[in-house]
Amino acid sequence: MAARTVFIAGAGTEIGKTYVTAALTRRLRAQGRPVRTVKPLASGVPSLSDPGFSESDTARLLDAQDSALDAEAVEACSPWRFAAPLSPDQAAVLEGRSLDLADLVAWCRVQSACTPGTLLIEGVGGLMSPVTANATGLDWLRALDVPALLVSGSYLGAISHTLTACETLRRYDVPLRAVIVSESIGAPAPASTVAASIARHAGAEVFCLRRGEGCPETLANLI
């Protein structure tokens, strides 16, 4: 039986996608719901033997699943890993590697087909960030044909960036399950204020996740 699959997209880069994805994973597990979380493409990932690996997105997602940090688990979560903290297309060039969208989509579909319960797929960068030489995160999401959660920050400019991403998803008929505003450190306005402004225009439920807080029960119930 195929998993209920949801794609976690970002309105920008370094805004808290992994924080939100890990929090959602923990909440679903606390509800007793089977969930698997993957980040197929991951940049800025040191080798498993490097002490810095524990701070990588892949490590954080495995920790949320209470999974061992071994080579098999890392490969199963993030089969395409790159050392440079760049968009995957650029990081791949530095390592003399290539990445094809069809291979990425096929891998995700296999995981969905063999995963019971819920499969969370965390994207990379922002919605329009390149993921291959010829494809963006939006192309990846559209090819998978699954609903999205959109993660935003609360930094200055986040409202416009988030609403632009919402409009882009609407234009391409991608179902938007919810928007999550992840608190940006040092932002000039409270995350709740930013979330309220986004909610007036987003056309989807909007949640606010402050640093240190767990995923709201109501958000998990939408998955």
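**Figure 1. Strand S1 and its partner S5.** In this predicted model, S1 and strand S5 (residues 118-122) pair in the parallel sense over five bridges. Two strands count as paired if DSSP finds at least two bridges between them. Strands are DSSP runs of E with at least two residues, helices are runs of H or I with at least four, and both are numbered from the N terminus. Arg-4 stands opposite Thr-118 of S5. In a regular strand, side chains alternate between the two faces of the sheet.

Numbering starts at 1 along each chain as its sequence is written, and side-chain values use heavy atoms, with hydrogens and water left out. Because the model is predicted, local features need pLDDT of at least 70 and side-chain atom pairs count only at pLDDT 80 or more, while totals for chains, interfaces and linings use all residues.

**Figure 2. Strand S1 and its partner S6.** S1 also pairs with strand S6 (residues 148-152), in the parallel sense and over four bridges. Ile-8 has Leu-149 as its bridge partner in S6. S1 itself covers residues 4-10, and six of its seven residues are buried, so the strand is largely enclosed by the rest of the structure. Buried means under 20% relative accessible area, exposed means over 50%, and partly exposed lies in between (1.4 Å probe, protein chains only).

Figure 3. Ser-182 is found in strand S7 (residues 176-182). Its relative accessible area is 0%, so Ser-182 is buried. Contact means heavy atoms within 4.5 Å. Leaving out residues up to four places away in sequence, Ser-182 touches Ile-15, Gly-16, Tyr-19 and Val-20, among others. Its contacts also include Val-151, Ser-152, Gly-153 and Ser-154. Leu-209 and Arg-211 are touched by Ser-182 too.

**Figure 4. Met-128 in its loop.** Met-128 sits in the loop between S5 and helix H6 (137-144). Not counting residues up to four places away in sequence, Met-128 touches Thr-136, Leu-138 and Thr-168. Cys-166 is 38 residues from Met-128 along the chain, and the two C-alpha atoms are separated by 12 Å.

**Figure 5. Asp-145, a loop residue with positive phi.** Asp-145 lies in the loop between H6 and S6. Its phi is near 60°, a positive value in a residue other than glycine. Most residues other than glycine have a negative phi. Asp-145 has a relative accessibility of 66%, so it counts as exposed.

Figure 6. Asp-173 lies in the loop between helix H7 (158-171) and S7. Phi of Asp-173 is near 60°, again a positive value in a residue other than glycine. Asp-173 is exposed, with a relative accessible area of 67%.

**Figure 7. The setting of the close-ups.** The protein has nine helices and eight strands. Its radius of gyration is 16 Å, close to the 17 Å that the globule rule gives for 223 residues, so it is as compact as a globular protein of that length. The radius is taken over C-alpha atoms, and the rule is 2.2 Å times the number of residues to the power 0.38. The C-alpha trace spans about 45 × 40 × 35 Å along its principal axes. Of the 223 residues, 52% count as buried. Among contacts between residues at least 6 apart in sequence, 74% join residues at least 24 apart.
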